[in-house]
Amino acid sequence: MAQRLDGKKLAAEFENHLLREIEIGLSKGIRPPGLAVIRIGDDPASEVYVSNKEKACARVGIASYGLHLSAKSSESDVIAKIYELNSKELVDGILLQLPLPRGLKESSLLSAIDPNKDADGLHSQNLGRLLKGEPGPRSCTPAGVMALLANNQVDLEGKRAVVVGRSILVGQPMALMLQAANATVTIAHSRTKDLESLTRLADVLVVAAGCPRMIGANHVKPGAVVVDVGIHRISSSSLGMENQSRSHLCGDVCAEEVAPLASFITPVPGGVGPMTVTMLLVNTVSMWQQHCGLSCTLEDLLP
Ligand code: NDP
């Protein structure tokens, strides 16, 4: 039976580390780190995610500045707000909560964020830094996956890794990070033919396709490390559960089929999700150290 890659536990350890680093800065008379979170529109899932991020900031001592804009905001309205935050000294990190309401373009808004305040690591300059192996804020979800693997002594050197999904948010930076750790990486996507034969070759399989329970026992090589990035709320009836009025969280992996085969597996919830939030805090505190002239002590937490 696979060992759990426990994101909740590791996230708590990282938070303690951040708490200590912030206390050191404060004891030198430095202001606390600040994170501005911009939410546009009223997507209920985004509201929950933003509130979780704000609670996480409060736990470690990051000041959070929430900005809730109407779904009717124009691109220029949002860009003007981003520029304001870029120039605010108390703000070390800026996060634009995705997805955006229809009509707003992700790429132009993300490009407006100062790359040195890019808490989510999604600015083209920071994706370029990742590509070139230069330090900088890293995309939170794949960085969280790398931290989970490293802290559970999963050796990637020379391993065959398959990433299912090629989004800029997850799949692409994930593949770059695995490659930088000397894995041999293949990316699969919606046009990939015979996905099963490809994923069965993987020593490390990362699934970020956004399709509930699409990866079953047939997709996985015995002994593989399986990372499930997907997160979905589905009705209990579709899982064949008794109390059909309730809903459940599940991932892109059919955990009960895959866990008996794999060597490691991330649970959903409690695997990648908590690590994504924690890496946002790591990026913010790391940028705060730079902005305030403190020594950078978090490099070993970032891939
Ligand atoms: P996107 O929808 O942006 O990308 C999905 C990717 O999966 C695309 O590249 C798509 O291919 C590919 N894909 C879709 N269907 C298939 C299929 N049947 N076979 C193979 N590949 C497929 O999603 P994201 O990358 O933003 O997110 C992926 C999942 O991860 C979602 O469930 C999301 O909720 C979750 N997520 C979880 C986070 C966490 O903290 N736990 C954080 C971020 C995301 P193509 O490019 O060809 O369309």
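Ala 36 touches Tyr 65, Leu 85, Val 91, Gly 93, Ile 94 and Leu 95, leaving out residues up to four places away in sequence; contact here means heavy atoms within 4.5 Å. The model is predicted, so local features need pLDDT of at least 70 and side-chain atom pairs count only at pLDDT 80 or more, while totals for chains, interfaces and linings use all residues. Residues are numbered from 1 along each chain as its sequence is written, and side-chain values use heavy atoms, with hydrogens and water left out.

**Around Ala 36**

Ala 36 sits in strand S2 (residues 34–40). Helices (H or I, at least four residues) and strands (E, at least two) are DSSP runs, numbered from the N terminus. With a relative accessible area of 1%, Ala 36 is buried. The classes are buried for under 20% relative accessible area, exposed for over 50%, and partly exposed in between (1.4 Å probe, protein chains only). From Ala 36 to Thr 192 there are 156 residues in sequence and 38 Å in space, taken C-alpha to C-alpha.

**Salt bridges**

A salt bridge is a side-chain nitrogen of Lys or Arg within 4 Å of a carboxyl oxygen of Asp or Glu. By this rule the model has 6 salt bridges, including the ones below.

| Pair | N to O distance |
|---|---|
| Arg 59 and Glu 15 | 2.8 Å |
| Lys 132 and Glu 134 | 4.0 Å |
| Asp 203 and Lys 221 | 2.7 Å |

The pair of Arg 59 in helix H2 (residues 44–60) and Glu 15 in helix H1 (residues 7–27) links distant parts of the chain, 44 residues apart. Glu 15 counts as buried, at 12% relative accessibility. In another pair, Lys 132 is exposed at 64%, and Glu 134 is partly exposed at 33%.

Next comes the bridge between Asp 203 and Lys 221. Asp 203 lies in the loop between helix H8 (195–199) and strand S7 (204–207), and Lys 221 in the loop between S7 and strand S8 (225–228), so the pair ties together parts 18 residues apart in sequence. Asp 203 is partly exposed at 22% relative accessibility, and Lys 221 is partly exposed at 29%.

Asp 118 is found in the loop between helix H4 (106–112) and helix H5 (124–132). Asp 118 is buried but has no salt bridge, and the nearest side chain of opposite charge, Arg 129, is 7.1 Å away. For charge, Lys and Arg count as positive and Asp and Glu as negative, while His and the chain ends are not counted. Apart from neighbours within four places in sequence, Asp 118 is in contact with Ile 94, Ile 113, His 123, Asn 126, Pro 137 and Met 287.

**Helices H6 and H7**

Helix H6 (residues 140–151) packs against helix H7 (residues 171–180) at an angle of about 35°, with their axes 9 Å apart. Axes are lines fitted to C-alpha atoms, for helices over the stretch in contact, and angles run from 0 to 180 degrees between N-to-C directions. H6 contributes Pro 142, Ala 143, Val 145, Met 146 and Leu 149 to the contact, and H7 contributes Pro 173, Met 174, Met 177 and Leu 178.

The buried residues of H7 are Gly 171, Pro 173, Met 174, Ala 175, Met 177 and Leu 178. Their cover includes H5, H6, strand S5 (160–164), strand S6 (184–188) and S7. Just after H7, Asn 182 takes a positive phi of about 70°.
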